[in-house]
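Here is a short briefing to read alongside the sequence and the model. It goes topic by topic.

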Amino acid sequence: MSDAERPGDAEPHAHHDHEDGVEGPGYATPQAAVEDAEREQTAYVMGLYVGTDVDAPDFLAVVDVDPDSDTYGEVVERLEMPNRGDELHHFGWNACSSSCHVDGLERQHLVIPGQRSSRIHVVDTQERRDPEFETVIEPEEVYEHDLSAPHTVHCIPDGEILISMLGDADGDLPGGFLELDDDFEVEGRWDPPGEIEMNYDFWYQPRRNVMVSTEWAAPKTYYPGFDLEDVEAGNYGQRLHFWDWEAGVVDRTIDLGEEGLIPLEARFLHTPESTHGYVGAALSSNIIHFHEDDGEYHAEPVIEFDDREHPDWDMPVPALPTDILVSMDDRYLFGSNWLHGEVWMYDVSDPSNPRRADSISIGGYFGDIREVQGRELVAGPQMLQLSLDGERLYWTTSLFSSWDDQFFPEEGEKGSVMCKADVNPRKGTMTLDEDFLVDFGEMPHGPARAHEIRWPDGDCTSDVWQ
Amino acid sequence: MSGDGDPDGAGEHRVELAWRDGREEMVAVGADETVLEAAEAAGVALPFGCRTGACATCTARLLSGDLVHRRPPRALKDRHRERGYVLTCIAAPMTDCRLDVGADVADDLVSNPWK
């Protein structure tokens, strides 16, 4: 049964005023999300044991982020996956504001892929703090379409779900996209095979009939860890693909060259009319701005982070900006420099000319803040999430199990943390909230890594407007 | 040494699993089993991820004996295979074997390139 057909919930998810009176999921506009959203009380966070000797599956962590609660800052529920070895990474909703016009559709199901296992879990969050499995798509069903390594999940209009797939069934290239129907069954491959080679993240802007996709590498290349030989051999990505969203084919590919090595997270501005957006080129430590001009997309670096000398390193340390996000009001771009140990916010009210607003130096190899509440920080800030009102920024510290082991080996031994900063969007400032800390080192089966964060009522990295 | 090809060492083989913290286990691996499958059947937890030979989460190092990979071990580069690294998810023993196992074995495959 699709969520659009589901009878009324006992504990309904948030519905908000829609001008046309339709009760779909999400918010009528980005500004409506800012105005109408209640403060987040629950966070969903990916927790991981893959690649350690802990004999337990990865899990969906339910984190209490309600400051009035007795269990504030604690993992209050863990939904263990049915198998070990998944590497939970990114995840997404069955519906967002892009389906605002679909009466009865609910933002109720989390689609949670295993990056290594190619298994796709669908979890029902009707009871927000007691999620349960709806269904599981086994790897064999995915391999049938000559795809593997599921990454980004976006709902697309009318209840369907699109997932970027980084490899073929052998973990080699080309990757592509897998489409699920509104009953969470595999519909098939969305793109013509071979339309792209490498894949990673994507975002679509339907009113502009465009989708952008980025490039990591073949799964067999990045799974075991980062090998500089693979960069020299051209096995890592450096291209952006701009798709004709309706036709499902690539219109234009931009080769970013050395300025755009390993382009990861892709974020359009939320304003549905905008053609502007950003991509973090992690290895080059550049933030790429893209936009349409004269009917064609263009891309160039607008923020460049310099390498820094470290006494224990033979070579300068790159910043490695591994995650970025755009505030719901499109006023700020936030990002994390995982190796350097910095979270930052840039004013992007002039999208082509970002202006540094503020940053916090924490964790990583250069962060000034080395511990929170007495807990040593053993990695830099990585996966970000922002409250819908733009006033609270949260982050976790794990990148990817095998890459953590290379660059922050203590992350696997001690587990990740989830931190929070209070943001003043009028003043363009951010301050670490030292009263908040979620310690994934204190889990029942042992220290766990923590990756992506989502809110039940939508967030700055999943909502798209039709 | 390890190699690719169809296993012809039919029958059951004894595989010693040695962790770097000193722990050891012995599992009997049947003719149609991989090392990982036999360990799971015996209730011995080894790390794994894709189970197809693409991700290297299950990397072990062959200390003695002979085994074959049932599919190409795509996650391993030539330099890894030359040094005896194998993937337990697709590895079938041809003789009795001894393997260096545990999550930290996979960390041998790559190092921090800038440090």
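This is a predicted model: local features need pLDDT of at least 70, side-chain atom pairs count only at pLDDT 80 or more; totals for chains, interfaces and linings use all residues.

- Phe184(A) sits in the loop between β10 and β11 (186-189) of chain A. Its phi is positive, about 65°, although Phe184(A) is not a glycine.
- Most residues other than glycine have a negative phi, and most peptide bonds are trans.
- Ile262(A) also has a positive phi, near 55°, and is a residue other than glycine. Ile262(A) is in the loop between β15 (249-255) and β16 (263-268) of chain A. Its relative accessibility is 3%, so Ile262(A) counts as buried.
- Leu173(A) and Pro174(A) are joined by a cis peptide bond, with omega about 5°. Pro174(A) belongs to the loop between β9 (160-167) and β10 (176-180) of chain A.

**Two buried asparagines**

- Asn199(A) lies in the loop between β11 and β12 (202-205) of chain A. Is Asn199(A) buried or exposed? With 0% relative accessibility, Asn199(A) counts as buried.
- The side chain of Asn199(A) comes to 2.8 Å from the backbone oxygen of Gly176(A). Other residues touched by Asn199(A) include Ser164(A), Met165(A), Phe177(A), Ser213(A) and Trp216(A).
- Asn199(A) and Leu173(A) are 26 residues apart in sequence, and their C-alpha atoms are 9.1 Å apart.
- Asn286(A) is in strand β18 (residues 286-293) of chain A. Its relative accessible area is 6%, so Asn286(A) is buried.
- Among the residues that Asn286(A) touches are Glu259(A), Val279(A), Pro301(A), Phe305(A) and Pro321(A).

- Strand β28 (residues 417-424) of chain A is mostly covered, with six of its eight residues buried.
- In a regular strand the side chains alternate between the two faces of the sheet.
- Strand β27 (residues 392-396) of chain A runs antiparallel to β28(A), and five bridges join them. Here Arg392(A) is opposite Asp422(A) in β28(A).
- Strand β29 (residues 429-432) of chain A is also antiparallel to β28(A), joined by four bridges. Asn424(A) stands opposite Thr429(A) in β29(A).
- β28(A) and β29(A) make a hairpin, with four residues between them. In its turn, Gly428(A) has a positive phi of about 70°.
- Strand β30 (residues 438-439) of chain A pairs with β28(A) over two bridges, again antiparallel. Val417(A) has Asp439(A) in β30(A) as its bridge partner.

**Salt bridges within a chain**

- Over all chains, the structure holds 42 salt bridges.
- Asp323(A) and Arg267(A) form one through their side chains, at 2.8 Å from N to O. Asp323(A) is in strand β20 (residues 321-326) and Arg267(A) in strand β16 of chain A, so the pair ties together parts 56 residues apart in sequence. Both Asp323(A) and Arg267(A) are buried.
- Lys414(A) and Glu410(A) form another, at 3.1 Å from N to O. They are separated by about one helical turn because they are four residues apart in helix α6 (residues 410-414) of chain A. Lys414(A) is partly exposed at 32% relative accessibility, and Glu410(A) is partly exposed at 31%.
- In chain B, Asp108(B) forms a salt bridge with Arg20(B), with the closest N and O atoms 2.7 Å apart. Asp108(B) is in the segment after α3 (103-106) and Arg20(B) in the loop between β2 (13-19) and β3 (24-29) of chain B, so the pair ties together parts 88 residues apart in sequence. Asp108(B) is partly exposed at 30% relative accessibility, and Arg20(B) at 40%.

**Where chain B meets chain A**

- 27 residues of chain B contact 34 residues of chain A.
- The two chains bury about 2,500 Å² between them, 56% of it on carbon and sulfur atoms. In chain B, Val110(B), Trp114(B) and Lys115(B) lose the most area to chain A, together 29% of what that side buries.
- How many salt bridges does the rule find across the interface of chain B and chain A? It finds five, along with 13 residue pairs in polar contact.
- The chain B side that touches chain A has 15 nonpolar, six polar and six charged residues.
- Glu229(A) and Arg79(B) meet in a salt bridge of 3.5 Å, N to O. Salt bridges with shared partners join Asp227(A), Glu229(A), Asp230(A), Lys77(B) and Arg79(B) into one network.

Terms used
Residues are numbered from 1 along each chain as its sequence is written. Chains are lettered from A and ligands numbered from 1 in the order in which they are written. Side-chain values use heavy atoms; hydrogens and water are left out. Contact means heavy atoms within 4.5 Å. Buried area is the accessible area (1.4 Å probe) that two parts lose on being put together, summed over both. A salt bridge is a side-chain nitrogen of Lys or Arg within 4 Å of a carboxyl oxygen of Asp or Glu. A polar contact is a pair of N or O atoms within 3.5 Å; within protein, one must be able to donate a hydrogen and the other to accept it, and residues adjacent in sequence count only if both atoms are side-chain atoms. Ala, Val, Leu, Ile, Met, Phe, Trp, Tyr, Cys and Pro count as nonpolar, Asp, Glu, Lys and Arg as charged, and the others, Gly among them, as polar. Buried means under 20% relative accessible area, exposed over 50%, partly exposed in between (1.4 Å probe, protein chains only). Two strands pair if DSSP finds at least two bridges between them. Lists of a residue's contacts leave out its neighbours within four places in sequence.
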